2 protein chains.
Amino acid sequence: VSGGVPDRRACVARDLGDPLAQYRERFLLPDDIVYLDGNSLGALPAAAAQRVDDVTREEWGRGLIRSWNDAHWISAPQRTGDKLARLIGASPGEVVVADSTSVNLFKLLVSALRERPGRRVVVTQADNFPTDLYIAGGVAELLGVDIRAVDAGDVEDALDGDVAVVYLTHVHFTSGVVHDVARITRAAHECGALAMWDLSHSTPVVAVELDEWDIDLAAGCGYKHLNGGPGAPAYLFVARRLQDSLGTALPGWMGHADPFAFSPEYTPASGIARHLSGTPAILGLAALEAAVDLWLEADLVDARDKATALGDLFIDMVTERCAGHGLEVMSPRHGPRGAHVSLRHAEGYRIMQALIARGVIGDVRPPGLMRFGFAPLYTRYVDVHDAVETLADVLETHAWDREDYAVRAVVT
Amino acid sequence: VSGGVPDRRACVARDLGDPLAQYRERFLLPDDIVYLDGNSLGALPAAAAQRVDDVTREEWGRGLIRSWNDAHWISAPQRTGDKLARLIGASPGEVVVADSTSVNLFKLLVSALRERPGRRVVVTQADNFPTDLYIAGGVAELLGVDIRAVDAGDVEDALDGDVAVVYLTHVHFTSGVVHDVARITRAAHECGALAMWDLSHSTPVVAVELDEWDIDLAAGCGYKHLNGGPGAPAYLFVARRLQDSLGTALPGWMGHADPFAFSPEYTPASGIARHLSGTPAILGLAALEAAVDLWLEADLVDARDKATALGDLFIDMVTERCAGHGLEVMSPRHGPRGAHVSLRHAEGYRIMQALIARGVIGDVRPPGLMRFGFAPLYTRYVDVHDAVETLADVLETHAWDREDYAVRAVVT
C-alpha cells in the first residue's frame, strides 16, 4: 500500500481473491487494452460469439425458414425476456425483448398516457438521458400533453393530480447517481400516476427489484452492462396487474394473438407479447440471450458489490494520484452509484484521447466529462490501478496537449 | 420436352445457359433441399456469414466501442440505405435502414398524416398485409383518423379531398399481384394525397423506381428477397422534396442533428437521418449490407426476368403435372407478378408438410394457400422441375394424408 490506496501488488492480490475472477475468461477481450467502457458497449462473451456463429451458419444457413420453429426463434423475445426478468426482479411473462430502447420508451409512454386519460402531464428529469427527453417531446406533441422537466431532487414536489406518468432513468448516464426508485414510485402511485423507469444504465450491475418496488413500466438497453452486442435489441417490462388493460400504439403482427392466422383484424396477444410489433431481430437476440445466460450464472450480489468496489478504488486512487490537475469527481463516493464514474476536466476530451492512445478506453460526454465503467465480470482491480496510473502520467506529462487529440470523432 | 413443359434435362440445360447461374455458389445453401421460401426468409449469402463473423469477433470483440468510428458502424444505416437506394430507383440520401418494417410504417404514416393536416382518411387495401393494417389501425386510433379499406381494384375510386395518404403494398403477399404504383401514385397526387408504399415483397425482385414514379414514402423488409437474415433491420424512404418538412413521431437520439452533443433539446438531423430513432442493430445491419452488396453485383433486369421465368415454369408445370387434384393457381400467369406463386388446395397445410418432409420448402398462408418463392440468384430451373414432380407425387399418392401433417406448427 502506497499512501492510502493499494499498490499494484495489492490489486493483483484482490483479483486473486475475487469470487468473480473466473468470469473474465468467459469474454473474448483483447490483451493490450484496459477496457472501461462496458457502460456504453459491453465486451463480447465467448458464448455470444459462438451463438451468433451457430445462428448464422446453422440456423439461418441450413435451417432456413424451418428455424422459426425448430430453433425456437419465434419464442426468443419472450424466452430471453423471461431470463432477463430474473436479473431485474420481475416475474416470467413481464419482460419481452423488442426494438430499441427509444422505440420501447415511445410505446410504453403512449400506453401509459392512455391508461390515465384526463391527466395531461409527464414528469421527468431535466437532465434525463437525451433520447428519453426527445421521445417524451415526440409523445407530448403527438398526444397534446405537457412535459414537466425538473431537477432530480424535485421530482416528488412536481407530483399532483394532473400527472399521468413519472418517467425517469434509474442511474444517471454521466454522474451515476441512483434514484430511490421504490420511494418515487410510491409517491407517484399516491398521486394516481404511473411510474415508468429507464433501466439502461442499471441492469444488471445495480440492484433492480421491479415487482418488489411495484414498478408499473420499464425499458432498458441490451448492449451496455448486459453485453448483448452493438445495437442489441432492447427490452420492456409491464407489471402483470396492468397487462390486460394496457394497449399498444404500435400493434404489429408479432403482437397479435395469432400472428399466423393473418387476420385483417387486430386482436392483441394476451400478456406482454402484445408489446412486440415487427419481426424480432434474431441475430441480435441470439447474442443477447447468450449474454443474459452468462449473467444468470453469476452471483448478482457479488457482481454489484464488485462494481461498487472497483468504482470506489478508482475514485480513491484518482483522488490521491491525480490531485492538483484540475480533475473533479462528478460521481458520488458514498451512497448508491451506478457502475461508472465520471471525472470532469476542461480538457476532458483530449485527455480521453490520450488515454485511448495508451490503451485505456473510456468515453467522454459534454462538457468535458470522462466516463469510466467498471464491469464486474471482466474488469480487474489491477485494471483500475493501471488506468489511474496511466491517467496520472497523462496529466503529469501533459501528454494530452497534442493537436490531433482535439479532433473530435463522430462517436465520442 | 414431355407434353408442353420442359423435362428435367431441358431444365438443366436452361440452368447452364442462365447468366445468373454463378450466383448460386455465393450462398451457403444445404444440398439436400429445394428452397422455395426466399420470399419469407432469403438464403444466407456466404459474404454475410463472413461479415457477421468479422463484426462479432473483430469489430465488437477486439475493437469494442472504438468500432463505432473505426469500423464505421455509426454510418451503417445511411451507407446501407444509399446502397439499397440503387436497388429501388432512389437517390443517395433518400433511404435509411432502421427498426422493423412495422415500426417504419408507423413512423411514416404518422408523419404523412401530419403533412396533410385537415385530411382525415387513410386509403388502404382490405387484404393488405396484416401488419400494415394493424399499424394503420393503431395510427388511426392515436390520431383520430379513419381507415378506408377497399378492394385492390377500387383504390382510385376511393380517392377524394379527405384522403391524406394512400397506403398500399406493391406486391401482394399471397397472390403476388402487382399494383401499378406509378398510376395510383399519380391519382393520389391529383387529389392532394401522399402515396406510401410497402415494398416488402418487391425489393429487389420486382422493378421499383421510387424517384421516377414520384413516390412520397416507402418502407420495406430486409429479410425476404434481400437476403438480410432473420429479423434483419428494415428500411424506409422519404422523397428528397419532402425531407425538410416531414417530421418524425419517434425522435430518438440517432435522429438528432448532433447525437453526441447530448443536448436536452431535440434538433432533427437534416435529410433522411431524422427517421432513425434508437441505436442501430449492428449485427443485423452487417448481414444486410453484405446481402445488398451481393445484389448490387447482379444484373437486376436479368434477376427480375429470371424470377418471372421460374414462376411461369412453375405455373405451367403445375397446370400440366398436377391437374385433377383440386389445386388452384392463385397468382397471375400473365401480366406482372411478384417472385412468388400461391396455389390453393383444401389440404394445403398438410400438402406443404408432406413437401417439406421431402425437402421441398415453401410455406402456407390461410386459407390453404401454399406459397412458393423463386429467388433468381439461387433457385435453378431444375429446382422448379423437382419441386413440381415432388408435389405431383405427393398428390398422386395422397402422401399428405397423415395425422402428423395436420399438427400445426407455430410458424407456418
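Colleague: Through which surface do the copies meet?

Modeller: This is a predicted model, in which local features need pLDDT of at least 70, side-chain atom pairs count only at pLDDT 80 or more, and totals for chains, interfaces and linings use all residues. Residues are numbered from 1 along each chain as its sequence is written, and chains are lettered from A in the order in which they are written. Of the interface residues of chain A, 100% are also interface residues in chain B, so the copies meet through the same surface.

Colleague: What rotation superposes chain A on chain B?

Modeller: Superposition is by least squares on the C-alpha atoms of residues with pLDDT of at least 70 in both copies. The shift along the axis is 0.0 Å and the RMSD is 0.0 Å, with a rotation of 180°. The copies are thus related as by a two-fold rotation axis.

Colleague: Which element gives the largest share of the lining of the largest pocket?

Modeller: A pocket is an open set of points on a 1 Å grid over the protein atoms alone, where a 1.4 Å probe fits, with protein on both sides within 12 Å along at least five of seven lines; lining residues have an atom within 4 Å of a point. There are 33 lining residues, and among the closest to the centre are A:Ile356 and B:Asn69. Helices (DSSP runs of H or I, at least four residues) are numbered from the N terminus. Five residues, the largest share, come from H10(A).

Terms used: Side-chain values use heavy atoms; hydrogens and water are left out. Contact means heavy atoms within 4.5 Å. Helices (H or I, at least four residues) and strands (E, at least two) are DSSP runs, numbered from the N terminus.
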